[in-house]
Amino acid sequence: MVVDDHPMWRDAVSRDLAEAGLEVVATAGDGEEAVRRARACSPQVVVLDLNLPALSGAEACRRIVAQDPSVRVLVLSASGEHADVLEAVKSGATGYLVKSAGRDELLDAVRRTAVGDAVFTPGLAGLVLGEFRRLAAEPAAPTAPAVPQLTARETEVLRLVAKGLSYRQIADRLVLSHRTVQNHVQNTLGKLQLHNRVELVRYAIEQGLDDEI
């Protein structure tokens, strides 16, 4: 689903996706419409602008993910401001691309988002990881839940996810197939009761896995 308040931009993105063989199940021009249509058509990926009328893109993202945690949101915004990126991620977005990105970069980002990768415009991924590390350094809650038992391989994959590696890079590093890495991540998400890779990265950093060798 493509969400943008500018009809020409919305139509252009939808056309590029369709011509590349991706099914555009819906479009929306404002935040409230986006939430309603996401509920109705259950898209796998939502390409979402942040600057929307009626309801902000960040709030629309939060509501879309709340009503269906399996939906993955790729923000496509004119803003590269750090505050906007962090707000989007905290709202549940799994990726962030600025509108200066080319057609091929957008298509690659949508496909990677669909399989669970966290996709960010170069330079922004480090910002998000840094923010998660900052949050992880804050005092922990008085009562922490028991940590679910992960297999050695799941922990190894999780450690590389925390370092910001893509699924393809993890597969190459561990000499596994891309599909096997995806399966390990999905199993880990289920065990930890998390919804997406961004939440998984934050969890791994909070556990200190990104500091391990």
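**Exercise 1.** How many salt bridges does the count come to?

*Solution.* The model is predicted. Start with the idea. Side chains of opposite charge can pair when their charged atoms come close. Now apply the cut-off: a side-chain nitrogen of Lys or Arg within 4 Å of a carboxyl oxygen of Asp or Glu. By this rule the count is eleven salt bridges.

**Exercise 2.** Take the salt bridge between R103 and D16, and find which helices hold the two residues.

*Solution.* Step one: check the distance. N to O is 3.5 Å. Step two: place the residues. R103 lies in helix α5 (residues 103-114), D16 in helix α1 (residues 7-19). Step three: draw the conclusion. Step four: classify each residue. Buried means under 20% relative accessible area. D16 has 19%, so D16 is buried. R103, at 36%, is partly exposed.

**Exercise 3.** Describe the salt bridge between D108 and R112.

*Solution.* The N to O distance is 3.8 Å. Both residues sit in helix α5, four residues apart. That separates them by about one helical turn. D108 is partly exposed at 39%. R112 is partly exposed at 28%.

**Exercise 4.** Work out which parts the salt bridge of E154 and K191 ties together.

*Solution.* First, the distance: 2.9 Å, N to O. Next, the helices. E154 belongs to helix α7 (residues 152-162) and K191 to helix α9 (residues 178-192). So the pair ties together parts 37 residues apart in sequence. Last, accessibility. E154 is buried at 5%, whereas K191 is partly exposed at 35%.

Terms used
Residues numbered from 1 in each chain as written. Predicted model: local features only at pLDDT ≥ 70, side-chain atom pairs only at ≥ 80, totals over all residues. Heavy atoms only, no water. Buried < 20%, exposed > 50% of the residue type's maximum accessible area, 1.4 Å probe, protein only.
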